[in-house]
Amino acid sequence: MKRLIAGAAALAAAGLGVARWAAARARTPVPAKDPLGAGRWLGVTINRPPEEVAPGESLPEPLTRVDAEVRMNRAPGGRGTELYARPRERTARAEGALARLRGEDSCTAVRTALREAKSLLETGDVLRSDEEVATTRPTLPGKVLDLALGRASEGGRL
C-alpha cells in the first residue's frame, strides 16, 4: 500500500512539473521558423574535385535550369566539393507554404536541382525512386505511397 501511495505521489509531482513547464512555454512566444526559408543556403558535398564539378566556371546542367545563386567551396580534408545554392527570389512565408503544397516553390526546385547535380556528377545519371509500385488495386494506402514517391526528391536531407 505504501508503494502505491509513493507511486501516486511521484506521478503527481511529475505531472505538476510538466504542467509548470508547459505554462512557462506558453508565456514566452517563440517565432515559428521556416525550415525551407528562401534566404537559407542549401548545400551538398560532391565527391569530385572542383575542376570536375564546374569545368571552366560552368555550372552542372540541373543548376542551370533554376534561377539561383550558386557558390562552391573545397570540402574540408580534400573530400570533394561543397556546392551551395539558394533561390534568387524571396517569397513571403504564407505564399511559400502554399507554393510548397502546390509544388511550385523555388526553394524546392533548388533542392531538387542540387540533388540531381550531385547524382549526375557522382554516378553519371540522375537516380530516381521506383516508378512502379507492386500494387494491383488503386487503394488509399497505394495512393498515399504514390504521392510520397512522386515528391521524394523534394525533401529530406541533402
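**Before you start.** The model is predicted: local features need pLDDT of at least 70, side-chain atom pairs count only at pLDDT 80 or more, and totals for chains, interfaces and linings use all residues. Residues are numbered from 1 along each chain as its sequence is written, and side-chain values use heavy atoms, with hydrogens and water left out.

**Whole chain.** Show the cartoon. You have six helices and three strands, in the order α-β-α-α-β-β-α-α-α. Helices (H or I, at least four residues) and strands (E, at least two) are DSSP runs, numbered from the N terminus. Of the 158 residues, 24% are buried (under 20% relative accessible area, 1.4 Å probe, protein chains only).

**Core.** Select Leu 63, Val 66, Leu 83, Ala 85, Val 110 and Leu 114. These have the most contacts inside the largest nonpolar core, which has 14 residues. Such a core is a set of buried Ala, Val, Leu, Ile, Met, Phe, Trp, Tyr and Cys residues joined through side-chain atoms within 4.5 Å. Now colour E1 (42-46), E3 (81-87) and H5 (106-123); each supplies at least two core residues. H5 gives the largest share, five residues.

**Ala 85.** Centre here. Beyond neighbours within four places in sequence, its contacts (heavy atoms within 4.5 Å) include Trp 41, Leu 63, Val 70, Val 110 and Leu 114.

**Ile 46.** Go to strand E1. Ile 46 counts as buried because its relative accessibility is 0%. Its C-alpha atom lies 5.2 Å from that of Thr 81, 35 residues apart along the chain. Leaving out residues up to four places away in sequence, Ile 46 touches Val 53, Leu 83, Lys 118 and Leu 121, among others.

Methods. Buried < 20%, exposed > 50% of the residue type's maximum accessible area, 1.4 Å probe, protein only.
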